[in-house]
Amino acid sequence: MARKLLSAFFITVLFFSAELYANDSIYIQKNIREIEITGKGTGTKCIIPSDVLIAPNQSVLNNILELIPSFETDLEGNVRLRGSDKMTILINGKPTALLGDYRSEVLIQYPASAIERIEVNYIPDATRLSDGSAGIIDIILKQSYNGKMSGSVHADVANNDRYSAGGTWGASFGKVSVNANAAYKKEMRQRAFKRYDRDGNLLLDNTAKARPQTVTSHIGVNYSINSANRLGGEASFFYLNFDRIGNIINPKAQVRRDNEQSQKDGSGSLFYEHTFSLKGRIKIEGTYRKSVYREDNQNTRISTAPHALMFTHTIDQSVDEYDANLSYLQPLTDGQVLKAGYNGRWQSADNEYNKDNRLPRPSILAYNTDFCQNIQSLYVQYEINRTDWEARAGLRGEYYHRHLSLSEAGNKSRTDWYLLPFASLSYRINGSNSVSIDYGRRVNRPVFSQLNPTPIPSAEDETYNVVGNPDVKPEFIDNLSLSYEFRHPIISIVPSLYYRHRDNGIAEIIQENADSKTIGIVNIFDTNTAGFDLSLRISPLSWFDLNIAGNVYHDEIQADKRGGIKKDWAQSIRGTADVKLSPNTLLQCTGLWYSDIMTVQGCIKSHYRIDTGITQQVFARRGEVSLSVTDWLNSARETIVIDTPDLYQKNVKTRDSRIVWLGFAWNFHSK
């Protein structure tokens, strides 16, 4: 009870640090010292100062994403935005295989020290990629800003042998600017996964320890040929190594599982931009990405002596992606702008799965699946900008083709054509009040793992096989949002109403019968979501900031052919209280609470968490020492209930989430 009362107190006086958004757009940036507001009407960007983001509390990408209003995350790195887990995550404005099939692990491990800012758009316009029902999150990596040589280095340590280090560097040499960053992080994770039946009997106990390591690096070069021509390029590399060992206990056996995972992702891009005499601008860009994933598993029965190897299985997956983009912008008369462009994307993937069974009967299974995807897009958008109002309207047309070559079931192909409209209108009532309404149609295409029919044992319970569905159709989403904004030096408030309709929703379904246990992918029918989110900032004193954000939405899912409909409400609240103990000392406390969330087959139970931290700037603010405690109530857990006429499960996930971080950072720059 004491924990609940204490958490309720903090949650009511907290929020986070970035609520000043509108036109369904947020702009989160680090390493500057003042909040800067630009734009007109509700098309505003919010830049978050680094002294609001205590580095250890946001030591990985997933923690920073929690600063976004209406954003939810869980222990496994799975994410939701305005109640939807379908969103597109970009790096430097580009899609990446890194954040595809295995993005949950990447979000948990990707070091925040490599990130400069995050841009969020709930209803992107016609010029942006159409993937993701909940919008686009764009992660911008660190670069040099001031035209001089500058950079930073940092080192952090935590309990249970956790540590990280990294640095950034940027410089300009006449017409050439160069920026680079690199980071390393090593973690310790102790996780537990337990499954119970309706009567509370333990069906499965899966505990494991893991030592994930990540390395990230990025370099970018820009060359200004003259005032009208510019070209450049960038390259990025990401490496994840994941060693895990644990015991899986069920009524039939006790098994030790040794698991090794590795993922390597590299990308490179080149661009050329030309500005015409009438201020028109054309940009040509090409990108190549390569992602390689490897997983080795060995399961040994340890419930009887002598110990016996039950089976081994391996997964090898390789993904190649090519992008070609052409964009054109032409200012017209009297604040009017015309935009048009082309986006092409080609993706090929190869997945090999091998399983060597030793018990109870020897057998060898081998599957190979090849996948290719081709997306061709054309768009046009017209904009009018006036002193008090702004209007945008656009249309995006897309051709989509995919093909799977299956070792067991032959070939599967699908081709689609579709149009995706967008419209936005914003009006500035006065200097403090503005309102906007936005509409956009989006598409969510299934990823490779959702299409791959190869039966692969689940990481949590290997008595279940994860089986994709090569016949899954893309889902189409209509988004509508109405936002109001009031801004004042002491108080800012942004309430928004939103509605989302989804056709052919893609869902994960757990099934059991006498012969098999599977986790499958299907198209459910229609889903409707209507919600209200609110962001509030109060700064009554120069040394105190209070930020509160909440989200309330109603979900309606038609999940079967008979027209059966599930309905329920969900809520969340999160916040931060910032106290400047001195001009160079900041104390921060962050809390969040999520209510029960309805799923197709049950619900995810409510949970909460509280983090605290303090930073001290030293050496004329060029250095910074930080100390933080993540989840100091040790309350982070996830409980998923499956409750259908044919199946009941209560799955409880926990991990050692109470982490104490101590960090030091140093910023340098040339005079």
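Okay, let's start with a pair of strands: E24 and strand E25 (residues 465–467) run antiparallel and are joined by two bridges. Strands here are DSSP runs of at least two residues, numbered from the N terminus, and two of them pair if DSSP finds at least two bridges between them. In that pair, Ile456 sits opposite Val466 in E25.

Quick caveat: this is a predicted model, where local features need pLDDT of at least 70, side-chain atom pairs count only at pLDDT 80 or more, and totals for chains, interfaces and linings use all residues. Numbering runs from 1 along each chain as its sequence is written, and side-chain values use heavy atoms, with hydrogens and water left out.

Zooming out, E24 and E25 belong to an open, mixed sheet of four strands, in the order E24-E25-E29-E28. Strand E24 (456–457) and strand E28 (506–512) are the edges; each has a single partner strand, so one side of each lacks a neighbour in the sheet.

Now the inside. The largest nonpolar core has 19 residues, and Ile68, Phe71, Leu81, Met87 and Ile137 touch the most other members. By core I mean buried Ala, Val, Leu, Ile, Met, Phe, Trp, Tyr and Cys residues joined through side-chain atoms within 4.5 Å; buried is under 20% relative accessible area, exposed over 50%, partly exposed in between (1.4 Å probe, protein chains only). Strands E5 (79–81), E6 (88–91), E7 (115–121) and E8 (136–141) each give two or more residues to this core. Apart from it there's another core, of 11 residues, including Ile519 and Leu647.

Last one: Tyr499, in strand E27, is partly exposed, at 36% relative accessible area.
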